[in-house]
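Biologist: Can you take me through this model? I'd like to start with the pockets.

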Amino acid sequence: MTNLLLSLILFPIVAGVGCYVLRMSVVRTILVAATAVVVTVAAVALVGEAPTTVLLGNVMGLEWGAIVAVADFALLATVLYFGIKYKNVLVQMFTGTQLLLLAVFEFLILDHEAATAPITVDNLTVIMVLIISVIGSLICLYALPYMKAHEEHQKLEMSKQPRFFLFLVLLIGVMNGLVLTNNLLWLYLFFEMTTFCSFVLIGHDENVRSPRNALRALWMGSCGGLFLLGGIVLLYLKTGSLDIQTLIATTNASPAVLFAVGLICVGGFVKAAQMPFQSWLLGAMVAPTPVSALLHSSTMVKAGVYIVLRFAPMYEGSFLSYGIALCGAFTFVACAALAIGQNNGKRILAYSTISNLGLIMACAGINTPLAITAAIMLIIFHAVSKALLFLCVGTIEQEIGSKNIEDMRGLFTRLPRTATITMIGILSMLLPPFGVLMSKWMALEAASSHLVVIILLALGSALTVVYWARWAGTLMGSRPAGTPAERQATLVSAPLALLCLMAVAFSFLAPVIYTGWIAPMFAMAPFTVSFGILDSAMGGFMVYPLFILVGVATLYAFRKAIKSPGVKVSRPYMGGGNLNETDFNGPMDTAVSYAAGNYYLGEFFGEHRLTFWVNAAAGALIVLMMGGAL
């Protein structure tokens, strides 16, 4: 078991260093592939081993507590160096405060004899490790051909891939460490390491926007780290423990303990880009697509929701719990509204990610067995579908040179395979019987006794339909045929196909996942996920009848498509002013090309209209949440 766990954490770290030191592309490919195999096999082998605790105090003859302490100070010093180098006062302020607080805690407060460094494996940990290892590995494999094409497009004289893959692969090991650790100081170290990795990866291209957005991610991540460290110190002062399992078993927590847990949860809010901290994740869109996919689907943002879910037992039944639900529900609806005003595919995915993370936070705050179940299932299905969609957008961008969904009109005639997979990815976020909608259904029932929360969730769900349906409709738009067949590198097509298969298969297996894996975490399973008929309007979800209907409809659509290969595409009629198939007679007898586009309701849902006000409201809700904790 110890070797298994160390493989999940240390092997990606060693492989990442190997990618940096051994700069040959063949060696890099072997190391990335080896990492994918090792962490995937280790993650699968972990299934069935929970619950268990592994003490690492003397493994390999090392004193791990001392190593973590040194690593904490070294990492903070490195972040402070970059804050000074780039003259960023916020990075300097947040990091300097952390250094001072950590020094006081380590040398004056912490009882090192009592401190332990165990790793604990339970069902939630196993689920997170599987998501990080499997989906993260597919993204890293996809990045191999993607980054080669990316650098060819940039015409770089010297490749920056060694550094890129160092931090990309390292991030998998760091995230595995974050979800496996049972020691709060270890959690803090891995939390800060994800911040530094994201800073380097977001700034990878070193263009006009990259440094600014990377520094924003660094100072916001450092702000989240300060909240987390402050919560850890206060929690230790009040409980005398850094053991997470011991802490979450605490009942009747005092106001001071709840306030400390609230600080930890705000740190999770920052990492999960919850409002008003969402700008760092939106800025991450300037990074290469594999970075966006890894940050948004399986790694960075999931760290935030994992932390809030992990400490859920400590704030159950408190005002803090309701405050978390309210903050999450507000982020869900606000970011869904902001996504409507976007035409950039990656920004739509970014706002959708933040919105869905808000829904998971709302479930964590509702804090019933059904709500926590919905949150865990949302984590699973969202990770798969969102990783798939980010990789699809990256593939499309490299082929057509644009992320604008208007330029994806008629994509089926140009990139039929990618367009089909993209459509499946969108439908998996939007329609039954896919798992995301099923999980939302569960979340809505869990929120049925919280009037304000369920209203916000219902509004957010309605707004979500708008931007997904618009994007799907745009993809299905027509364009002249006759383009060559789509060709893809194996390491592009294979991850896309596997993620697409997973999005469908996991939804089909939702009853098995729920009844065999998630429901046993709780004393009761109040939701029916089966092939049966609904007993009422709420409380159940017909998975297999819906799959049968979808299958029949798909076969019918293919049959109709096969029978009508020669359908003529009709061009817009310009009142007799058509000059040819693409132009009409404009002012002064000049040819003007016609253009069709979606309406993005910018006057209602534009970022310039909403961002300030929703950020102010979200900030006020967090202050209210923390005040109520006391």
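Modeller: The second largest pocket holds about 610 Å³ of space. This is a predicted model, where local features need pLDDT of at least 70 and side-chain atom pairs count only at pLDDT 80 or more, while totals for chains, interfaces and linings use all residues. Residues are numbered from 1 along each chain as its sequence is written, and side-chain values use heavy atoms, with hydrogens and water left out.

Biologist: What counts as a pocket, and what is the volume?

Modeller: On a 1 Å grid over the protein atoms alone, a pocket is an open set of points where a 1.4 Å probe fits, with protein on both sides within 12 Å along at least five of seven lines; a cavity is a set the probe cannot get out of, and lining residues have an atom within 4 Å of a point. Points are joined across faces, edges and corners, and the volume is the space filled by probe spheres set on them.

Biologist: Which residues lie nearest the centre of the second largest pocket?

Modeller: Arg209, Met285, Val286, Glu397 and Lys403, out of 29 lining residues. Helix 5 (123-154), helix 8 (210-239), helix 11 (279-283), helix 16 (345-366), helix 17 (369-400) and helix 25 (607-629) each give two or more residues to that lining. Helix 5 gives the most, with five. Helices (H or I, at least four residues) and strands (E, at least two) are DSSP runs, numbered from the N terminus.

Biologist: How many of the lining residues are nonpolar, polar and charged?

Modeller: The lining has eight nonpolar, 13 polar and eight charged residues. Ala, Val, Leu, Ile, Met, Phe, Trp, Tyr, Cys and Pro count as nonpolar, Asp, Glu, Lys and Arg as charged, and the others, Gly among them, as polar.

Biologist: Switching to packing. At what angle do helix 10 and helix 25 pack?

Modeller: Helix 10 (residues 255-271) packs on helix 25 at about 155°, with the axes 8 Å apart. That makes helix 10 roughly antiparallel to helix 25. Angles under 35 degrees count as roughly parallel, over 145 as roughly antiparallel, 65 to 115 as roughly perpendicular and the rest as oblique. Axes are lines fitted to C-alpha atoms, for helices over the stretch in contact, and angles run from 0 to 180 degrees between N-to-C directions.

Biologist: Which residues of helix 10 and helix 25 meet?

Modeller: Pro255, Leu258, Phe259, Gly262, Leu263, Val266 and Phe269 in helix 10 are in contact (heavy atoms within 4.5 Å) with Ile622, Met625, Met626 and Ala629 in helix 25. By class, that is ten nonpolar, one polar and no charged residues.

Biologist: And where are the cis peptide bonds?

Modeller: One joins Met275 and Pro276, with omega about 5°, and Pro276 sits in the loop between helix 10 and helix 11. Another joins Pro432 and Pro433, with omega about 10°; Pro433 is in the loop between helix 18 (416-430) and helix 19 (435-446).

Biologist: Last one, what is the mean pLDDT of the chain?

Modeller: The mean is 86, and 89% of residues reach 70 or more; pLDDT is the predictor's confidence in each residue, from 0 to 100. Over residues 531-539 pLDDT stays under 50. Where pLDDT is low, the predicted coordinates should not be read in detail.
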